[in-house]
Amino acid sequence: MKQLERILEWGGTRRDIAFLVISGIALLASLLPLPPLPFDPAWIAIILCGLPIILEAVIGLVTAFDIKADVLVSIALIASVFIGEDFAAGEVAFIMQLGGLLEDLTVARARAGIEKLVHLTPQTARRILDSGEEVIDAKDVRKGDILRVLPGETVPADGTILSGETSINQAVMTGESLPVDKGPGDAVSSGTVNQFGSFDMRAETVGEDSSIQRMIRLVQSADAGKAKIVGLADRWATWVVVAALTAAGITWAVTGEIIRSVTILVVFCPCSLVLATPTAIMAAIGNATRHGLLVREGDALERLSKAARITFDKTGTLTYGTPQVTEIRSFREDVSCGELYALLAGAEQRSEHPLGKSVVRCYRETFGKDAPSPQNFQMLPGRGVKSLVGDASVLAGNRELFEEEHISLPAAICEAAASFLEEGCTIIYAAVNGKAAGFAVLSDTPREDAEATVREIKKTGVIPVLLTGDHRSAASHIARLLGIEEVRSDCLPEDKLNYIDACQEKGEQVCMIGDGINDAPALKKAYVGIAMGGVGSDIAVDAADIALINDDIRELPHLLRLSRRMMVTIKCNLTFSMALNFIAIALAITGVLNPVVGALVHNAGSVIVIIHSAVLLRWEYRPKP
């Protein structure tokens, strides 16, 4: 159904373009000295472009007494035809339809991506009964059911683990880049993915109350309160109509010349006013596209110019979203840091855990060669790995693994590791031949350009805020590195939504930048949502107004300043249009302008507005050194 709607919309756009082309040719033919024709070619423009305007104005008036700019245009069209000024009527209709088409092209349909989010909803569940295991529809899970989740499966309901050790990918809910180890007594959420080891759990929150279903409802509802920008011409339409009719009536009463009154109606038509905003927006969108920014909502840049705060998700937005080995520490004289790194990478060579894979990848990138091959490899879900690398027996994992293997961690190792843990890093402890040897430090590192981007954003007067699902220590560490003063950590999707809602209720419009599925509700709720188009999920991109196609956050300061420059251009266009209107009205009242010349003056004004807007296409923001 949605696909059909999009096809119809595109069909309507192509039809409008065809009508405008035909009408333009007809108006040109009306001006040329052609052989006598059975009718004025301008009537083609009146019918193709004018009738839809009149119909829309009548429907708006009758159904909702909605007075827009098209009401005055309709009056001017009918009056021009009534006194025989067919070209003036056709020209006004053509210009107004051109403005309408430009506006339609800039205001894209929001695609919430709900259908993709729904696909994340678990479809089946394994229920444990006295008679054995049965596979049921996830919708049939009831509170209190005992469920089994195998490696690679999606958790079917919110609940608590009863038995088994595993690692859970919670990115769908929290955006965390690293999987979280879980064991008996730990809570798990529906929609998250079990990566290693099977576990049994008790279902506690099911159906419409589950975490993934709440996420879907948040995305569906978050857009409802977002203000839509109303065109200036339509905003002032009632007063423009009253003023135009009053001026035309007084002029006819005083001079007795109806042609002057019709000319007033023609020049009063807000042609250049209608073009002032969409032409500037289209030019700014073209500029943004050149900088790798896909503007999906026509009025997004207009809204962005009013943003007072810009909230960043951490993982994948300000950071690369992949753990890196940032340090290797050895505490044994017989094992150097390089040797310990090689032993760790060798032990993790066959590991399926993301942390283990990161150690292997970083070793290869650092030394340009593969780690040594392990023997007797053993994966311990939720704990770590055991392996024989060369002649050395290697144990790598968390502190719980060392406790179970009865290997003590010296105070020196614990103290050194504590400083890294406070910064939100992850530690992999290593033992060689049954004795603790040291550890590897892994962390999600900031993008190279993140600090400069935050600094430039501050120069625009917009307040940067870190809004993340990561733990407080990791969030605070990244914020300190990048110079962000305000930090909100441990945020679930509802928390991000509430923060944005609170700011916007105080009149502080928020721009949200994120990349994950968990950011989709916040991207929708924010006054402007910007998604990372490269690493970001399709759902996040669909929920956003703007997408960073190449994930180049360096373009954000340019985007902010471009939005403000666009608003300056729009205001200049509007000021010029209104000044031209007043001058043309004065000339129409005195009889200097007739309807045809008045329409041409409007045409010239519209061309000037378009040229002025086109300057935005090549505008560049150059930061001061």
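The legends below accompany an overview and several close-up views of a predicted model.

**Figure 1. Overview of the predicted protein chain, with its 24 helices and 22 strands.** Of the 625 residues in the protein chain, 52% count as buried, and the chain exposes about 27900 Å², of which carbon and sulfur atoms supply 58%. Among contacts between residues at least 6 apart in sequence, 69% join residues that are at least 24 apart.

**Figure 2. The largest nonpolar core, which has 79 residues.** Leu304, Ile530, Ile546 and Met566 are the residues with the most contacts inside this core, and helix H23 (residues 556-589) contributes the largest share of it, 11 residues.

**Figure 3. Surroundings of Ile546.** When residues up to four places away in sequence are not counted, Ile546 touches Leu294, Val295, Arg296, Ala300, Leu301 and Leu304, together with Val528, Gly529, Ile530, Ala531 and Leu559. Two of these partners, Leu304 and Ile530, are, like Ile546, among the residues with the most contacts inside the largest nonpolar core.

**Figure 4. The buried side of helix H18 (residues 450-459).** Ala450, Thr453, Val454, Glu456 and Ile457 are buried in this helix, and because they cover an arc of only 165° around the axis, they lie on the same side of H18. An α-helix has 3.6 residues a turn, so residues three or four places apart point the same way. The buried residues of H18 pack against strand E11 (309-312), helix H13 (314-318), strand E18 (463-467), helix H19 (472-482) and H23. Just after H18, Gly461 takes a positive phi of about 90°.

**Figure 5. Ile136 in strand E2 (residues 132-137).** Ile136 has a relative accessible area of 11% and therefore counts as buried, the cut-off being under 20%. Leaving aside neighbours within four places in sequence, Ile136 is in contact with Gln123, Thr124, Ala125, Arg127 and Val141. One of these, Ala125, is 11 residues from Ile136 in sequence, and the C-alpha atoms of the two residues are 5.4 Å apart in space.

**Figure 6. A nonpolar patch on the surface, formed by Leu28, Leu32, Leu34 and Leu37.** Together, these four leucines have about 380 Å² of accessible area. Leu28 lies in helix H1 (residues 2-31), and its relative accessibility is 51%, so that Leu28 counts as exposed, for which the cut-off is over 50%.

Terms used
Residues numbered from 1 in each chain as written. Predicted model: local features only at pLDDT ≥ 70, side-chain atom pairs only at ≥ 80, totals over all residues. Heavy atoms only, no water. Patch = residues over 30% accessible without salt bridge, like charges linked within 9 Å, V, L, I, M, F, W, Y side chains within 5 Å. Areas by Shrake-Rupley, 256 points an atom, 1.4 Å probe, with all protein chains shown as cover. Salt bridge = Lys/Arg side-chain N within 4 Å of Asp/Glu carboxyl O. Helix = DSSP H or I, 4+ residues; strand = E, 2+ residues; numbered from the N terminus. Buried < 20%, exposed > 50% of the residue type's maximum accessible area, 1.4 Å probe, protein only. Contact = heavy atoms within 4.5 Å. Core = buried A, V, L, I, M, F, W, Y, C linked by side-chain atoms within 4.5 Å. Arc of directions from axis to C-beta.
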